[in-house]
Amino acid sequence: MATNSLVTNHISLKKYGIHNANVYYQLSPDELHSITIEKNMGKEASSGALAINTGEFTGRSPKDRFIVKDEITSDKVWWGDINIPFDPDKFDKLYDKVVAYLSEKEVYVRDSYVCADENYRQNIRVVNEYPWSNLFAYNMFLRPEEEELEGFKEDWLIVNAPGFMADPETDGTRQHNFAILNFSKKIALIGGTGYTGEIKKGIFSALNFLLPVYHDTLPMHCSANVGKEGDTSIFFGLSGTGKTTLSADPNRKLIGDDEHGWTPEDTIFNFEGGCYAKAINLSADSEPEIFGAIKKGAILENVIMNENGKVDFTNVSITQNTRVSYPIYHIQNIQQPSIGKHPKNIFFLTADAFGVLPPISKLTPGQAAYHFISGYTAKVAGTEAGVNEPVPSFSACFGAPFMPLHPTVYAEMLSKKMKESGVNVWLINTGWTGGPYGVGKRMALKHTRAMITAAMNGDLPEEISYDDYHIHSVFGLAQPRSCPNVPTEVLSSRRTWNNDEGYYKKAQELADAFKANFKKFESYANDEIKAGGPLV
Ligand code: ATP
Ligand code: MN
């Protein structure tokens with residue numbers, strides 16, 4: 001309402017083409033929480049967190065993610081079905097429709113920034129149709145000090161209108177929802193979807209273009225934390241492999257859970273100011289840090305609660321992708337600002353649903369490059385009864401959907417940095433053991449944590465020797481023969497199967513999938529990298 005005391009007039013949206021809107025500028029988390037509940041758009045959980053439903057979309061929609069093809073992008077972006085081109089004129093027309101739609105409405109505006117290292121900072125202004133989307137922006141982006149708001153000048157504008165539906169015929173979209181990046185105008189335009197992840201991943205994608213092209217900085221889809229000695233660890237991995245879970249470690253300070261840059265000054269910085277954790281099967285016992293972060297200020301997405309506001313984290317009736325976002329300071333042990341030294345250990349996380357990759361193995365530089373370019377994990381096919389064949393999924397750099405440039409650009413930067421810093425690289429299978437999905441079970445979280453801790457503490461030898469490591473006959477990976485706090489038999493996937501023939505058959509199947517996928521990168525790879533692939 002125009003009379004509402006929270007509405008401000010000193011921020012004008014006219015320059016964006018938004019007219020006569022009631023602007024709620026820079027509201028506090030408490031205010032956004034309350035407004036969401038008043039408007040019946042959400043409920044308070046017993047933990048104090050705000051529970052909302054994102055609507056039709058409960059996950060990102062990669063097929064509706066476009067990049068405007070213009071002077072800046074046309075000869076740099078790796079165009080294809082991941083980076084789908086969008087016409088500049090069509091963008092302008094669609095933008096005009098979206099801002100016309102937001103005119104006369106209540107809109108929520110937030111000034112924030114990304115990149116915790118001042119040298120790389122990009123100011124972001126977010127314009128949201130919904131109050132809870134604006135709270136998400138508060139949680140996930142970095143929060144400027146009060147005095148920094150005076151004369152705030154954005155580098156990027158995010159316009160987020162979940163209620164606006166595009167008309168594919170005239171607007172040039174695939175369907176009614178879209179997320180479009182325009183590098184010339186520095187706008188991320190999102191419509192037709194309320195999934196909050198589109199907001200953060202839009203800016204991530206923009207940084208994945210800007211940082212390597214203009215700042216010689218490697219953007220990474222990884223989490224990061226730092227130990228008592230100042231030793232940084234980073235964890236790459238596709239969705240659901242454990243970046244957020246494994247970086248929340250009571251003995252280490254969290255730098256960030258999803259997106260980081262590795263600078264020419266050899267530091268690591270978080271892009272964001274918050275975390276976005278999967279909530280499925282969350283429990284205080286197995287993930288106390290994340291569970292404890294779910295309090296007033298946090299947003300629960302698409303969860304089911306009982307009448308007392310108690311969340312049933314096992315209930316996936318809306319989606320498997322239930323989520324919770326919270327500002328990073330909801331975690332007890334954090335690094336401030338979110339910057340660390342170059343990593344001492346790099347972990348590649350893969351949720352292998354074939355159950356064949358070793359739970360931990362140490363990679364040679366060639367293997368590290370090979371596995372980074374491959375970006376393997378497995379997607380478990382649907383949850384329908386009877387369908388339990390996992391599908392191998394390869395996503396270059398462990399984040400292809402967010403990488404506008406050719407994967408080899410990122411891979412070459414990483415290889416160079418790994419060599420210069422003499423980092424240890426480990427491949428961690430957080431997926432299945434004792435058999436494939438449907439037969440075996442998910443690797444015990446406590447075992448995965450123990451293996452990672454051992455690697456970080458130096459309990460697993462740096463040098464790959466026969467005495468300390470067994471070389472996997474199919475993948476050539478160096479499997480430690482023993483590891484503190486992990487039963488020896490767990491360290492060999494083959495032994496957990498109790499069925500050598502079945503094991504080697506599946507292992508060969510996965511090796512073949514690796515090889516088939518790598519074909520498209522072969523012409524870019526040198527002999528060392530090629531030798532990092534499966535042996536047979
Ligand atoms: P996204 O990129 O989508 O944010 P992510 O890599 O951060 O994904 P997590 O949110 O950490 O993934 O999800 C890992 C999920 O797998 C959690 O629900 C966690 O409880 C579960 N899990 C089960 N076993 C393990 C294990 N051994 N290691 C890691 N995670 C495990
Ligand atoms: Mn995560």
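In which sense do strand E2 and strand E7 pair, and over how many bridges? Strand E2 (residues 22–25) runs parallel to strand E7 (residues 106–114), and 4 bridges join the two. Two strands count as paired if DSSP finds at least two bridges between them. Helices (H or I, at least four residues) and strands (E, at least two) are DSSP runs, numbered from the N terminus. Within this pairing, Tyr 24 has Tyr 108 in E7 as its bridge partner.

The model is predicted: local features need pLDDT of at least 70, side-chain atom pairs count only at pLDDT 80 or more, and totals for chains, interfaces and linings use all residues. Residues are numbered from 1 along each chain as its sequence is written, chains are lettered from A and ligands numbered from 1 in the order in which they are written, and side-chain values use heavy atoms, with hydrogens and water left out.

The pair E2 and E7 belongs to an open sheet of 9 strands, in the order E1-E2-E7-E8-E9-E11-E10-E5-E6. Its pairing is mixed. Strands E1 (7–8) and E6 (84–86) stand at the edges. Each has a single partner strand, so one side of each is left without a neighbour in the sheet. In general, strands of a sheet pair through backbone hydrogen bonds, either parallel or antiparallel.

Helices lie against this sheet. Helix H2 (residues 88–102) lies across E5, E6, E7, E8, E9, E10 and E11. Its direction makes about 60° with that of E9. Axes are lines fitted to C-alpha atoms, for helices over the stretch in contact, and angles run from 0 to 180 degrees between N-to-C directions. Helix H3 (residues 131–140) packs on the sheet and touches E7, E8 and E9. Here contact means heavy atoms within 4.5 Å. The direction of H3 makes about 10° with that of E7.

Asn 123 sits in strand E8. Asn 123 is buried, at 14% relative accessible area. Buried means under 20% relative accessible area, exposed over 50%, and partly exposed in between (1.4 Å probe, protein chains only). Leaving aside residues up to four places away in sequence, Asn 123 touches Ser 112, Tyr 113, Phe 152, Lys 153, Glu 154, Asp 155 and Trp 156.

The whole structure holds 32 aromatic pairs. Rings of Phe, Tyr and Trp (its six-membered ring) pair if their centres lie within 6.5 Å; planes under 30 degrees apart count as stacked, over 60 as edge-to-face and the rest as tilted. Phe 136 and Tyr 276 form an edge-to-face pair, 5.2 Å centre to centre with 75° between the planes. Phe 136 lies in helix H3 and Tyr 276 in strand E18 (residues 274–278), so the pair ties together parts that are 140 residues apart in sequence. Phe 136 is buried at 0% relative accessibility, and Tyr 276 is buried at 5%. One aromatic cluster is formed by Tyr 370, Tyr 376, Phe 394, Phe 475, Phe 514, Phe 518 and Phe 521.

Strand E14 (residues 232–237) is mostly covered, with 6 of its 6 residues buried. Thr 232, Ile 234 and Phe 236 point one way from E14, while Ser 233, Phe 235 and Gly 237 point the other way. Strand E13 (residues 222–226) pairs with E14 in the antiparallel sense over 5 bridges. Ser 223 stands opposite Phe 235. The hairpin of E13 and E14 has 5 residues between the strands, and Gly 230 takes a positive phi near 80° there. E14 also runs parallel to strand E24 (residues 343–350), joined by 6 bridges. Gly 237 stands opposite Leu 349 in E24.

Some backbone details stand apart. The peptide bond from Gln 336 to Pro 337 is cis, with omega near -10°. Lys 186 is not a glycine, yet has a positive phi of about 55°. Lys 186 lies in the loop between E10 and E11 and is partly exposed, at 33% relative accessible area.
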